[in-house]
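Subject: Structure handed over, with notes

Dear colleague,

Here is the structure I promised to pass on to you, and my notes on it follow below. Please read them with the model open beside you.

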Amino acid sequence: MFKRVTVFTYGVVSYLVFFASFLYAIGFIGNILVPKSIDSAPTVPFWTAVLINSLLLGIFAVQHSVMARPAFKRWITRYIPREAERSTYTLTASLLLIALFVWWQPMGGVIWNVTDPVGQAVLYGLYGFGWALVLVATLLINHFDLFGLRQVWLQLIGKPYTPLRFKTPGPYRLVRHPLYVGWLFVFWATPTMTAAHLLFALLTTGYILIGIRLEERDLLEAHPEYAGYRKHVPMLIPRLGGKGRGGGRIAAVGDGT
Ligand SMILES: C[S@@+](CC[C@H](N)C(=O)[O-])C[C@H]1O[C@@H](n2cnc3c(N)ncnc32)[C@H](O)[C@@H]1O
């Protein structure tokens, strides 16, 4: 019982650290209400900032890619309880995100600056839409499983873990990666694009494109029906009109069955 409660507490703490870093990220990327943001005043020379920021994003990307792979999960669960694996992923990612907030180096330099109030409102709207889409996509797939809480809860009440089924609810009928579409809105929709923000947007976009390849390789292995889904539903940009080979029809593949 002691072990169960300890693992559960670890999962809850990891989730809370994630949630706090998620909330801070909204302010950090949007330059809203936080003491230090992506565009605070520069304090180091430009190229030093490029180097430090690229390194921070690179470490975050490597952690995400390596720790999400089945082979790594098999390895780490030799040392930690299987039920705590996803929480460990969540906690590590959140701590690295906090490190990024702390050591991020603003760089100045304006690439574009929208001063028209309507244009600004539209861009802030798209920024908010991006965050909402990220959150909704996690809820549709299974928010509490993605962040490890479901795993530690099931072990607390003594029930076996059941892996997530392949699903295509709502936006998953239009594109295969709605959550990543949400991130792209978050990273790019800004009235003022600075050099630091552009570096951030470019590197994270590149990482998403690589991450999709890795994730889809695992999805194809875990869910044979993913091959048909991939053939008919676009990756990130919905087909106009919903006709063509994608559309709503195909997305019923694997739906809750
Ligand atoms: C951070 S989520 C991103 C999901 C998806 N790539 C997106 O952008 O909406 C990554 C996890 O979702 C799972 N996943 C991705 N697509 C899925 C689907 N259609 N049904 C169930 N799980 C999915 C992956 O196996 C992975 O564990």
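K36 sits in the loop that runs between α1 and α2, and in this predicted model K36 counts as partly exposed because 14 other C-beta atoms lie within 10 Å, which falls between the 12 or fewer of an exposed residue and the 20 or more of a buried one. Although K36 and F101 are 65 residues apart in sequence, their C-alpha atoms are 7.6 Å apart in space.

Is V7 buried or exposed? V7 counts as buried because it has 20 C-beta neighbours inside 10 Å, and 20 is the number at which a residue is called buried. If neighbours within four places in sequence are left aside, V7 is in contact with P81, E83, A84, V152 and Q155. From G108, on the other hand, which is 101 residues away along the chain, V7 is separated by 44 Å, C-alpha to C-alpha.

As for the protein as a whole, there are 11 helices and 2 strands, and from the N terminus on the elements follow the order α-α-α-α-β-α-α-α-α-β-α-α-α. The C-alpha atoms fill a box of roughly 55 × 50 × 30 Å along the principal axes. The radius of gyration is 20 Å, which agrees with the value near 18 Å that a compact globule of 257 residues would have. Buried residues make up 26% of the 257 residues, and among contacts with a separation of 6 or more, 77% are between residues 24 or more positions apart.

Turning to the interior, I would start from a general point: in soluble globular proteins, nonpolar side chains tend to be buried together. The largest nonpolar core here has 24 residues, and those with the most contacts inside it are I38, V186, F187, A196 and F200. Two or more residues of this core are given by each of α1 (2–30), α2 (46–67), α4 (85–103), α5 (117–141), α8 (178–188) and α9 (195–222), with the largest share, 5 residues, coming from α8. F200, leaving aside its neighbours within four places in sequence, is in contact with I38 and F187. A second, separate core of 8 residues includes V7, F18, F147 and V152, so that V7 and V152, already mentioned as being in contact, both belong to a nonpolar core.

On the α8 side the contact is made by Y180, W183, L184, F187 and W188, and on the α9 side by F200, A201, T204, T205, I208 and I212. By class, this contact has 9 nonpolar, 2 polar and no charged residues.

With best regards

Key:
Residues are numbered from 1 along each chain as its sequence is written. This is a predicted model: local features need pLDDT of at least 70, side-chain atom pairs count only at pLDDT 80 or more; totals for chains, interfaces and linings use all residues. A nonpolar core is a set of buried Ala, Val, Leu, Ile, Met, Phe, Trp, Tyr and Cys residues joined through C-beta atoms within 7 Å. Helices (H or I, at least four residues) and strands (E, at least two) are DSSP runs, numbered from the N terminus. Two residues are in contact if their C-beta atoms, placed from the backbone, lie within 7 Å. The radius of gyration is taken over C-alpha atoms; the globule rule is 2.2 Å times the number of residues to the power 0.38. Ala, Val, Leu, Ile, Met, Phe, Trp, Tyr, Cys and Pro count as nonpolar, Asp, Glu, Lys and Arg as charged, and the others, Gly among them, as polar.
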